[in-house]
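Visitor: I would like to learn how to read packing and charge pairs in a model. Please show me the case first.

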Amino acid sequence: MNNLLFDERPLVILPSLAVALGDLDEAAILQQIHYWTQKNMNVVDGYSWVYNSMDEWQKQFPWLSKRSLDRKFKKLKDKNLLIIGNYNKKKFDKTNWYRINYEELNKLSNVMPEVSTNANANTEAKTEAEVQAKAESKTKASQVETSAKTKTETKAKAEPNANTKDKYNFDYAKFIDWFNEVTGKKFRDTEDKRKLIRARLSEGFSEDDFYLITRFKADEWKDNDKMKRYLRPDTLFIPKHFDNYLQDAKEWEEKQAKKQARKKVKPKPKKNDEPEISEDDRSILAYVEENPDVLKTDEVIRKEVERIERARAKSRSSTIKSA
């Protein structure tokens, strides 16, 4: 491993890295990217990457503004120490992926001057003190800004805009009340939940998708002691689960519709000359007879009808032969 980096969780910076880069902030950024890529969570083309928006990066470097942070990333890229790419599955997702160019970093390490042990110790001690002093100064300066920002964000989360709808025409307050009624929960209409919903709406999902997933998961988990605690927006509506849950919910809805159709339609009595078929098959044929257009729109029902007709034809043929 390169001697300018280390694999510890705390956000600690080697003075030698800060000296080599000539910038404490760039050293902190490079060290943090190194930490995340060592987890090997996102491997592409044999390299480990970490992806994040600039807003998320700022949470890890709160003493820097987003504009300043963006400039620091650009400088590291210009120095060829940071490789930036985009490997997102969805084309509209512009979140950048990052990895360190360790070959270039090794060159930087090799050209650093060698000094005697005593001189090196004195230099490192002085550099560490300067770096520490600079970090403490920036930390104190950012504490007031961070505190004010935290209070503002907390207030915004607790007290969302009084307007229940936005450009997506989604009534958040109404949905959360309905969500609580269906799941038996007591969630409040807060800004963090609105933000979660808006993110999925911006990806092209519809309002109906949220209602469908909620009904599906409530039906599946509400009476399950182990799973009912996961009936909450930050489980159902995060990007990791949303699309899969939606596909499962659509299949569930289709099965529910078929069950309801079978309950409503009374099977007609079998004619004496008609082959014997099951009660379920009679229900399907009766449903199709009352709703003939379903054969054009529902491939599953159409295939079921074809199967039944084949079975009936086979049965008639057997009856004729035996006669």
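Visitor: Which residues does leucine 236 touch, leaving out those up to four places away in sequence?

Guide: This is a predicted model. Leucine 236 touches Phe179, Ile213, Thr214, Lys217, Trp221, Tyr230, His241, Phe242 and Tyr245, with residues up to four places away not counted.

Visitor: Which residues touch the most other members of the largest nonpolar core?

Guide: A core of this kind is a set of buried nonpolar residues joined through side-chain atoms within 4.5 Å. Here the largest one holds 23 residues, and Leu236 is among those that touch the most other members, along with Phe170, Phe175, Ile197, Phe210, Ile213 and Phe237. Two or more residues each come from helices H7 (172-183), H8 (191-202), H9 (207-221) and H11 (239-264). H9 gives the most, 6 residues. There is also a second, separate core of 22 residues, including Leu82 and Ile100.

Visitor: How many salt bridges does a search of the whole structure find?

Guide: The search finds 22. One of them joins the side chains of aspartate 189 and arginine 194, at 2.7 Å from N to O. Arginine 194 lies in helix H8.

Visitor: Is arginine 194 buried or exposed?

Guide: Buried means under 20% relative accessible area. Arginine 194 has 4%, so it counts as buried.

Visitor: Where are glutamate 220 and lysine 217 placed relative to each other in helix H9?

Guide: They are separated by about one helical turn, because they are 3 residues apart in H9. The two form a salt bridge whose closest N and O atoms are 2.7 Å apart. Lysine 217 is buried at 5% relative accessibility, whereas glutamate 220 is partly exposed at 41%. Lysine 217 is also among the residues that leucine 236 touches.

Visitor: Which residues are linked with Glu306 in a network of salt bridges?

Guide: Glu299, Arg302 and Lys303 are linked with Glu306 in that network. Within it, the side chains of glutamate 306 and arginine 302 meet at 3.0 Å, N to O. These two are 4 residues apart in helix H14 (residues 299-322), so about one helical turn separates them. Glutamate 306 is partly exposed, with a relative accessible area of 35%, and arginine 302 is also partly exposed, at 29%.

Visitor: What share of the residues of the protein chain counts as buried?

Guide: Of its 323 residues, 33% count as buried. The chain's secondary structure comes to 14 helices and 4 strands.

Note on methods: Residues numbered from 1 in each chain as written. Predicted model: local features only at pLDDT ≥ 70, side-chain atom pairs only at ≥ 80, totals over all residues. Heavy atoms only, no water. Buried < 20%, exposed > 50% of the residue type's maximum accessible area, 1.4 Å probe, protein only. Contact = heavy atoms within 4.5 Å. Salt bridge = Lys/Arg side-chain N within 4 Å of Asp/Glu carboxyl O.
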